[in-house]
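This report looks at pairs of oppositely charged side chains in one protein model. Please keep the sequence and the structure in view while reading.

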Amino acid sequence: MSCEETLINHYSQKVKELNELLDTGMLSPSEYEELVGDFKDIESIIEDISDEKNKILAAKIVEAISVLIKVV
């Protein structure tokens, strides 16, 4: 498995865990939105990365996991 695939799987799992917490009522919709906001804000992630190669990887990760984030 490539580094990119490993990272996408890692962050996908984190979002799935948040989805489960939302579905079971352990997170309120506002708490969920606050927590997944970090996964959706590609611009703030890119600003924190100096290596151009990693900026591209971050964009790919956000794109891959964004389909998992629920609209609440």
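The sections below take up the salt bridges one after another.

## Basis of the report

The model is predicted, with local features needing pLDDT of at least 70 and side-chain atom pairs counting only at pLDDT 80 or more, while totals for chains, interfaces and linings use all residues. Residues are numbered from 1 along each chain as its sequence is written, and side-chain values use heavy atoms, with hydrogens and water left out.

## Salt bridges in the model

Side chains of opposite charge can pair when their charged atoms come close. How many salt bridges does a search of the whole structure find? The search finds three, where a salt bridge is a side-chain nitrogen of Lys or Arg within 4 Å of a carboxyl oxygen of Asp or Glu.

## Lys60 and Glu4

The side chains of Lys60 and Glu4 form a salt bridge at 3.6 Å, N to O. Because Lys60 lies in helix 4 (residues 52–66) and Glu4 in helix 1 (residues 3–23), this pair ties together parts that are 56 residues apart in sequence; helices here are DSSP runs of H or I with at least four residues, numbered from the N terminus.

Lys60 is partly exposed, with a relative accessible area of 38%, and Glu4 is also partly exposed, at 29%. Buried means under 20% relative accessible area, exposed over 50%, and partly exposed in between, with a 1.4 Å probe and protein chains only.

## Lys70 and Asp23

A salt bridge also joins the side chains of Lys70 and Asp23, at 2.6 Å from N to O. This pair links distant parts of the chain, with Lys70 in the segment after helix 4 and Asp23 in helix 1, 47 residues apart. Lys70 is partly exposed at 28%, whereas Asp23 is exposed at 53%.

Methods: Helices (H or I, at least four residues) and strands (E, at least two) are DSSP runs, numbered from the N terminus.
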